[in-house]
Every structure is written in C-alpha cells, then in structure tokens.
Amino acid sequence: MALMRSVLGAKKVFGAVTSKGATSATPKGFLAVYVGESLKKRDVVPISYLSQPSFQALLGKSEEEFGFDHPMGGLTIPCPEDTFVNVTSRFQ
C-alpha cells in the first residue's frame, strides 16, 4: 500500500513538471531532474527509476521541500549530488 502511494505521488510530481514543459528537451522514457543543495545540476534519468524505493524517498524529500512547485522548472531533488549518484548507481 505504501509503495502504491509513493508511485502515485511520483506520478503527481512528474505530471506537474511535464505540464510546465520542463521536459520538452528530454528524450522519451527519461526524466530531467535538478540535483544539489545550492547549485543545481541538471541530470536525465530513466523513468524506470520512479519504481525504485530509494528514488521514491528522494522524491519524498523533494515534495517536503518544494511541494509541487519546483523553482528550476523541472523536478528538483534537494540532496548532495554525490548522494544522488550513490543512490541511482545501485539501480543499474
């Protein structure tokens, strides 16, 4: 049940970002994210990451900080870049 709630939350965030047109230059099947605490670096990740519990935790942190209004115009994940790389490198 918690997983379903997390996936639905991720879809809500994803929908809010795509409705702003932030992902127009992003390849199909991928999601643009901005990662970092002060400087935000743009990264492109496969949408399959949305089903990963640790990526959902990052999305939860993003929702707590920004709600569904992301200042960069794309999904913003407020964690250190090395943490993001460490988490997503396990998905391969």
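Modeller: Here is a short tour, starting with confidence.

Modeller: This is a predicted model, with pLDDT of at least 70 needed for local features and 80 or more for side-chain atom pairs, while totals for chains, interfaces and linings use all residues. Residues are numbered from 1 along each chain as its sequence is written, and side-chain values use heavy atoms, leaving out hydrogens and water.

Colleague: What is the mean pLDDT of the chain?

Modeller: The mean is 75, and 65% of the residues reach 70 or more. pLDDT is the predictor's confidence in each residue, from 0 to 100.

Colleague: Where does pLDDT stay under 50?

Modeller: Over residues 16-23. The model has 15 contacts for them beyond four places in sequence. Contact means heavy atoms within 4.5 Å.

Colleague: Strands next. How do strand 1 and strand 2 pair?

Modeller: Antiparallel, over six bridges. Strands are DSSP runs of E, at least two residues; helices are runs of H or I, at least four; both are numbered from the N terminus. Two strands pair if DSSP finds at least two bridges between them. Ala-32 has Val-44 in strand 2 as its bridge partner.

Colleague: And what sits between those two strands?

Modeller: Five residues, making a hairpin. Gly-36 in the turn has a positive phi of about 140°.

Colleague: In which sense does strand 1 pair with strand 3?

Modeller: Parallel, over three bridges. Tyr-34 stands opposite Thr-76 in strand 3.

Colleague: Is strand 1 mostly covered or mostly open?

Modeller: Mostly covered: five of its six residues are buried. Buried means under 20% relative accessible area, exposed over 50%, partly exposed in between, using a 1.4 Å probe and protein chains only.

Colleague: How many residues are in the largest nonpolar core?

Modeller: It has 15. Such a core is a set of buried Ala, Val, Leu, Ile, Met, Phe, Trp, Tyr and Cys residues joined through side-chain atoms within 4.5 Å. Those with the most contacts inside it include Val-33, Phe-55 and Ile-77.

Colleague: What does Ile-77 touch?

Modeller: Among others, Val-33, Phe-55, Leu-58 and Phe-84, not counting residues up to four places away in sequence.

Colleague: Switching to rings. Why is the Tyr-49 and Phe-55 pair edge-to-face?

Modeller: The ring centres are 5.8 Å apart and the planes are at 65°, so the pair is edge-to-face. Rings of Phe, Tyr and Trp (its six-membered ring) pair if their centres lie within 6.5 Å; planes under 30 degrees apart count as stacked, over 60 as edge-to-face and the rest as tilted.

Colleague: Which residues form the aromatic cluster?

Modeller: Tyr-49, Phe-55, Phe-84 and Phe-91.
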